[in-house]
Amino acid sequence: MENQEKTPIYEALLHHKDKKTDSYHVPGHKQGANFLDHKDNLFQSILQIDQTEVTGLDDLHHPSGVIARAEYLAAEAFGAEKTFYLVGGSTAGNIASILTMCLPGDKVILQRSCHQSVFHGCMLAGVSPIYWKDAYHSDTGFERPLDLDWLVQKCRHEMVKLVVMTSPSYYGMVQPIRKIADICHQFDVPLLVDEAHGAHFGFHPNLPNSALSQGADLVVQSTHKMLGSMTMSSMLHVGSSRVRINDLERQLRIVQSSSPSYPLLASLDLARKQVAVNGYHLFGRLLTEIDQFKKDTFPYCKWVQELSLHHLKCQDPCKMVIASSGQMTGFEMQAFLEDKGIYTELADDRRVLFCFSLGHPEGSLIRLKKVLLELDCWLDSCENRLSERDSIVLRLPSTTEFVLPFQDIRKHQHVRLCLEDAIDGIITEPIVPYPPGIPVLLPGERLTCEWMEYLRGADRAGYRIRGLYQDQLTSEVRVNIVFV
Ligand SMILES: Cc1ncc(COP(=O)(O)O)c(C=O)c1O
């Protein structure tokens, strides 16, 4: 076992900074000198390590020095055969993985609810998607385990080249990766797991097991989401020899910047060190604190309730979802919380999602408890008059019609039309309500009347919807569409 206390990239950056060199290379800010006349120079300390590939700092695209050592330490800590540091988020990892594993026309199994980067990877690779139908618990709206018999049938009867699985979901629901990996491997199909929200898995027995430990061939993790690295920094782990490393390296060079950010890379080093050295202890403490906080809060609430499937052991304990047992929307509860200085991960028409991590300052959960109890009092004063309110829960249309393969969409010229005029047209880019950023209509699918009504409702309810465009002058909502 290597010394996980080491942080090769971070240490090399500090060493270079201490040499106080004169810079005749990019970046142009010259270790921050350019910014010195800004009064609140928040950037200054970071800019001192915002470097380029000078001697001693290695090259992300052909690593042989400190970056290679850092990636090696990460592979060991996360249990991978090989790990790549990413500076373009899990987005880059998903796209590069799909481009590596698939050729145009290949069949790929994926969930409709996967992140848009998976669809973008599929579109770029020109694959034919086979959608694995998601199922949801009716009371909580959380994802259920997927139908494994369906997977067996598809792997047996179709020439599937790749299975892409999202686990955990945004709300922290995990899928049975071990069983899914076993089925895939029975048919020699590689499994890519988008574990963007699960970089912390496996570092404590009360956290779910990591996808790598359950046999996934490729795993993408947004280290910046649930661990402590900087936004956009992520990792791509290879778990088996089903992945051609040289091809993957080439695709990563294609999708990632040739000027990767050193602060991002160094922050991956620090995040890895934190969990490799202290993860067990720190997560033990965090999980105990979360447990205590819930015991001290929810039994005293009349309206605020926790929606949870923790008893089924299929939910990340670092995610917490609340809803009102009355009519108040998640958006409205979120606005109340923000007014009190509590900013949450997301809200939807019903729920509010909280993420807990090792970064919480001491005492923050005591404050959260106080504010949730205040929220409960506020709901108590409002809910009775809301009881007459029409239900605001949006129902997704149950059917979609897939008409045009991904690879044919670009052959047609799209037009941008208001929703009514676009009915019966074919969508050219994912339609993605935020939160949570899961596409509801996919490229190649038809915009029906029912879908138009849904999108109007989502727009009215306050979702930001990528793939819809508001006309500046008329405020009309438009969509890019092709008619064939
Ligand atoms: C499931 C999932 N996969 C991938 C991504 C993309 O991750 P990143 O923001 O690191 O590019 C996200 C982002 O929210 C996500 O939710």
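Mentor: Gln31 counts as buried because its relative accessibility is 18%; buried means under 20% relative accessible area, exposed over 50% and partly exposed in between, with a 1.4 Å probe and protein chains only. This is a predicted model, in which local features need pLDDT of at least 70 and side-chain atom pairs count only at pLDDT 80 or more, while totals for chains, interfaces and linings use all residues. Residues are numbered from 1 along each chain as its sequence is written, and side-chain values use heavy atoms, without hydrogens and water.

Gln31 lies in the loop between α1 (8-18) and α2 (44-47); helices (H or I, at least four residues) and strands (E, at least two) are DSSP runs, numbered from the N terminus. Leaving aside residues up to four places away in sequence, Gln31 touches Thr21, Ser23, Gln44, Leu47, Gln48 and Gln51, where contact means heavy atoms within 4.5 Å.

The backbone deserves attention as well. Gln31 is not a glycine, yet its phi is positive, near 55°. The loop between α1 and α2 also holds Pro27, and the peptide bond leading from Val26 to Pro27 is cis, with omega near 0°.

Ser167 and Pro168 are joined by a cis peptide bond with omega about 5°; Pro168 sits in the loop between β4 (160-166) and α7 (177-186). Met232, also not a glycine, has a positive phi of about 90°. Its place is the loop between α8 and β7 (234-238). Met232 counts as partly exposed because its relative accessibility is 46%.

In soluble globular proteins, nonpolar side chains tend to be buried together.

Finally, there is the ligand. Around the ligand are 13 residues, and Thr91, Asp194, His197, Ser222 and His224 come nearest; a residue is near a molecule if one of its heavy atoms lies within 4 Å of it. The largest share of this shell, four residues, comes from α4.
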